[in-house]
Amino acid sequence: MKVTNNTANPMVVGTTHIGPGSTEHVAEWDTVKDSYPVQHFLKAEAISVAKPVKKTGAESEAEERTALFAELDKVGATYDKKAKTPDLLVILEDAKKKAAGQ
């Protein structure tokens, strides 16, 4: 999680050192977010946390298709990248069956 230090002094959140006015990724955020010091810093607005960005439907669809293309390539399937996702899923299933000898 991205955490910003809103103070004029350096601070430590978890094991991450954050300089004054800087933003750093706190890898152990899920572990430290409920601790007293972190809750105190948040309440006092000494730190702020970036809200997670939700992906749009289009971004999710594009990622799904990219992963599907990778799977199709892995099994050696022949396909058209312009094909609809349901059709690609059928091609993938058929290619997997063929590879398994069914």
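# Briefing: charged pairs, rings and strands

K33 is partly exposed, with a relative accessible area of 30% (buried is under 20%, exposed over 50% and partly exposed in between, with a 1.4 Å probe and protein chains only). This is a predicted model, in which local features need pLDDT of at least 70 and side-chain atom pairs count only at pLDDT 80 or more, while totals for chains, interfaces and linings use all residues. Residues are numbered from 1 along each chain as its sequence is written, and side-chain values use heavy atoms, with hydrogens and water left out.

**Salt bridges**

- The structure holds three salt bridges (a side-chain nitrogen of Lys or Arg within 4 Å of a carboxyl oxygen of Asp or Glu).
- K33 pairs with D30, and their closest N and O atoms are 3.8 Å apart; D30 is exposed, at a relative accessible area of 62%.
- E71 and K96 form another salt bridge, with 3.3 Å between the closest N and O atoms. This pair links distant parts of the chain, since E71 is in helix α3 and K96 in helix α4, 25 residues apart (helices, H or I of at least four residues, and strands, E of at least two, are DSSP runs numbered from the N terminus).
- E71 is partly exposed at 35% relative accessibility, and K96 is partly exposed at 42%.
- E93 and K97 meet in a salt bridge at 3.4 Å, N to O. Both lie in helix α4, four residues apart, or about one turn of the helix.
- E93 counts as partly exposed at 45% relative accessibility, as does K97 at 37%.

**R65**

- R65 sits in helix α3, which covers residues 57–74.
- R65 is buried and has no salt bridge; E61, the nearest side chain of opposite charge, is 4.5 Å away.
- A polar atom of the R65 side chain lies 2.9 Å from the backbone oxygen of A83.

**Aromatic pair**

- One aromatic pair is found in a search of the whole structure (ring centres of Phe, Tyr or the six-membered ring of Trp within 6.5 Å; planes under 30 degrees apart are stacked, over 60 edge-to-face, the rest tilted).
- The ring centres of F69 and Y79 are 5.7 Å apart and the planes are at 10°, so the pair is stacked.
- F69 lies in helix α3 and Y79 in the loop between α3 and α4 (85–100), so the pair ties together parts ten residues apart in sequence.
- Both F69 and Y79 are buried.

**Strands**

- Strand β1 (residues 2–5) pairs with strand β4 (residues 23–25) in the antiparallel sense, over three bridges (pairing needs at least two DSSP bridges); K2 stands opposite H25 in β4.
- β1 also pairs with strand β5 (residues 47–49), in the antiparallel sense and over three bridges; N5 has I47 of β5 as its bridge partner.

Notes
Lys and Arg count as positive and Asp and Glu as negative; His and the chain ends are not counted. A polar contact is a pair of N or O atoms within 3.5 Å; within protein, one must be able to donate a hydrogen and the other to accept it, and residues adjacent in sequence count only if both atoms are side-chain atoms.
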